[in-house]
Amino acid sequence: MSRLRILKNPLDASEEVLHIRTDDVLKVFKEVKKIHPQARIFLRPACHQNDVTPTNKIDEASLQMLSKNNDFDVVCQAGEAATIIAIASTVLSLAMSVYSYMNMPKTQSGVERGSSNNKLGNRENEQRLGERIPDIYGTVLAVPDLIAPPLRYFKNNVEIEETLMCLGRGFYSISDVREGETSIQQIDGESVSIYDPNQNLTDSNPMYRYGDVLTHPPRIGKQSKSITGQTLLNPSSARVVSTDISFTYPNIINITTDKFKSGETITIEGAQYGIKDLIVSGTVDVGLDNVLTLATATNISNPEKFKGLTIQSLLATDESGTLDLSGFYEVSNIIKSGSVNAWIYEITLQNPASSNQNFGMLTDSVSGSLSGLLTNNIDSMNLNGEYTINVVDDSKITLSAPDSENPEWLKLQNWGSTAGNTIGLYGSQENWLGWYKTENESKKVIANFYAPQGLYHIGTKGYKEVIGVELELQCQALDHFGKPTGEIYTVKQALFGDIKGIANSVGLTLECDLPNPSKLQYRMRRITVHTSKGTVVDEVQARSVFTEMNLEKLSYDDVTLVRTLTVTNDISSGVSKRQLNLIATRMVYSYITGAKSTERIATSNFADIVCDMTVDSYIGRRELDNLDLENLYATSQDITDYFGTSKATEFNYTLDQSNQSYEESLAQVASVVFCDARRESGRIYFQFEKLNPSSAILFNHRNKRPFSETWTIRGTRDKTYDGIEAKWKDPTENWVEKTIKLPNDSITNPKKIDLNGVTNKYQAHFLANRAWNKIKYQRKTVKFTGYGESDLVSRNNRIAVTNDTRPSIVPLGEDGKFTSGEIENIVGQTITVSQPVQLLPDQTYTIHLQLTNKSVETMRVTQGSDAFTLILERLPILPLITQFDGKVVSTTYSITLEQNKDSEAMLITEKSDAGQFESEITAINYDARYYDNDKDFINNLI
């Protein structure tokens, strides 16, 4: 992706400069040309030789090729091409700060999902789909990203989990691999292999390996959300048992369930309403007219409403012998007579011989003892039975003509509520779990089955034995319309209990393959039903289902990948989250000798890191000659010598934000190694902030915009904050976040600083103390708009600023009014100045001269022959400029009393563009005490 700056008018920088990123530079440029026909496009920086404006198809193709590794400037306004190029080149090529980290736009909260490497807690291996691949620099506690969710399966009753993860871009040195806080060497069955970029994932000799050699291709799968541990029902088990089921005329079962499907057979039990069946017993006379005369103590209300009789026991003896008259009979009428405790019921049966042929063998009336039930009361309703499902939707099941199977359904139209009963709904004898459809294409379904309490039988005499349950998995392809097509593939296998411990949990994986990748549907069931007497423990759950996809590409450019195979020894515990972590140090080439090293080295030195960022094809996309290598490594050594430890030069962090630019990355590195990243004359270098005896630029009324200057002066330190709270990560204590509080732990309103990239106490100590010292000793603040020279300085530069808002502190004679201006002439040590000044003979003065090498030279000065001449103590170290030559302005100066020669020294804290050739600068008073703690390591104070 290329970056474009679209300059609407390079002659007036106050007009908008549009910054965009795009994968199609040519398309964007053509859109600009529609609005600005004379627009031209340049490689950065804009100049005549960098003009790549296309005029034909070949040019357009060349521009597309250039866009892969370059950034561009588009100049919109019409005008003479040479003029536009010259002015745009001047605007864009001036020496300028690469970026001010303090003014860096914050990443939008919640938009991006950062790497777990940068988290303080709950570090987990997780997927970061669509996010930036981590760029680890230095040494970090790395938590690799999941490329796909973990895939799990059972092998020999042990659950195994396979993962494929991405550590980050580039090459790494690896150590201390752990699962959570436990070393993988303490985990039985754990295997980890780590592969360098372009290394095959089946290579038997990976860059790092612990445990088994993983030579099979990684198994990548997607877990089904439909299977969450459901118990597989016996073929005869109820699928739903609930008191919330009710019925509506003419054919509705009111229930929300996914256990049934259209066209399936359903059996209802427990749907009996109204008056219940009534137990009856007593002596009975059986007449040849099919009338039973029953004498009993039971008082039955409205007996005539019962239309059924179930005789459970009735033996009668006549000439034919003893006859068993038990059975189910229809009742045509019942007549009640008698009194308390001596009730007589004449029960007329309807064609009893059709139910029991013994009735037809009677030759005479007989007597006996009856035990049975009166049933089918006309004030009751029984909806039990087996029916066919027509439709299943969100809240009901619609049956197909249930009254044809059971006329009792007709009673529903005059019945009230059917709520409250415990109803059991049974499916067909198969009791399948599914079908379930997948959204992704795959060739294989992996179904994991699990018996949490083991599989065993305890006989009535206490004998124990393991048992098995046969399981079945089916899968079938779906066409483009989601309809089943082709053959149903089936796999069956029995899951057996553990003979080493019958109550141990056991697991089994069934894998069902399709001949070609396709969206598919699957279902599963148990086949075995145990009916043995005694205690049977045989619950089997559908633990999880994965659809597996083939990983055809086995090596990847520019990324380090991690494979793991984890054996879960205690199946019942499960492992819901992966927490694999390791210590990773990025390996990059070093250029400390000025040339590329022969081998990559593991390093945290910022100079090596900046070099790698610069030439990286995704971060810097620049040639190495864009860096001032000599300065970079010299600065690194200077920092080490200054603080007394190389720890001050370290940067250890993971870049994980996709919208972070190269300049922002450099600024982030510079901010923790006490530097500012700058570009001058097309080359990037790092400027080390330390105790500095001289200022870089002198700002007086000649190079400050009139009326833009404001000063704030305090007699005591800033009361906004009462301290500093700096946070950093400590690798000696498991990379936890540590906090430095200054001046003590009692602060209540600290300025909070996140030291991202800092992982040692020395670097954190220096940065925190500098921040606190700047709060303690800050007394003056100036804000002004500077002209062209302001492009030559950046944050943390020392500058000299005259206060042009109040009278000079230099005692002057009657005619003297100005203490700053420009040099108009120099002869020997005598200078002619633009503003009249009269120095008193009894005072000692210092003059501050702005030199062309971006430094301010100071020396003593005395009055000359008149108010416009002064005599220097010595010759300047560089020639003074006495008139503007179109490129460099005349040398500016300011005069202070000798004892106040540092009174104009200021330290830039903020800088931003304010227009063409102008910058808005905020600075605080420069104070050597800002750096009081820089030698604490050398002085053995930390």
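Analyst: The answer below starts with the sheet and then moves on to the rest of the chain.

This is a predicted model, so local features need pLDDT of at least 70 and side-chain atom pairs count only at pLDDT 80 or more, while totals for chains, interfaces and linings use all residues. Residues are numbered from 1 along each chain as its sequence is written, and side-chain values use heavy atoms, leaving out hydrogens and water.

The sheet is open and has seven strands. Their order is β17-β33-β20-β31-β32-β19-β18, and the pairing is antiparallel. Strands here are DSSP runs of E with at least two residues, helices are runs of H or I with at least four, and both are numbered from the N terminus. Two strands pair if DSSP finds at least two bridges between them. The edges belong to β17 (238-242) and β18 (246-248). Each has a single partner strand, so one side of each is left without a neighbour in the sheet. On average, neighbouring strands are turned by 35° against each other, direction ignored; axes are lines fitted to C-alpha atoms, for helices over the stretch in contact, with angles from 0 to 180 degrees between N-to-C directions.

β20 (residues 265-269) and β31 (residues 385-392) run antiparallel and are joined by four bridges. Thr265 has Thr388 of β31 as its bridge partner.

Further along, other strands fold back on each other. β59 (residues 845-850) and β60 (residues 856-863) run antiparallel, with six bridges. Leu849 stands opposite Glu857 in β60. The two strands form a hairpin with five residues between them, and Lys854 in the turn has a positive phi of about 65°. β60 is also joined by three bridges to β61 (residues 869-872), again antiparallel. Gln863 pairs with Leu870 in β61. β60 and β61 form a hairpin too, with five residues between them.

Next, the loop between β44 (559-568) and β45 (580-588), which holds Arg578. Arg578 is buried (under 20% relative accessible area; exposed is over 50%, partly exposed in between; 1.4 Å probe, protein chains only), at 5%. Beyond its neighbours within four places in sequence, its contacts (heavy atoms within 4.5 Å) include Glu124, Glu161 and Glu179. Pro149 is 429 residues away along the chain, yet the two C-alpha atoms are separated by 9.8 Å.

Finally, the whole chain. The protein chain has seven helices and 64 strands. Its radius of gyration is 46 Å, well over the 30 Å that the globule rule gives for 942 residues, so the chain is more spread out than a compact globule. That radius is taken over C-alpha atoms, and the rule is 2.2 Å times the number of residues to the power 0.38. The C-alpha trace spans about 165 × 70 × 60 Å along its principal axes. Of the 942 residues, 49% count as buried.
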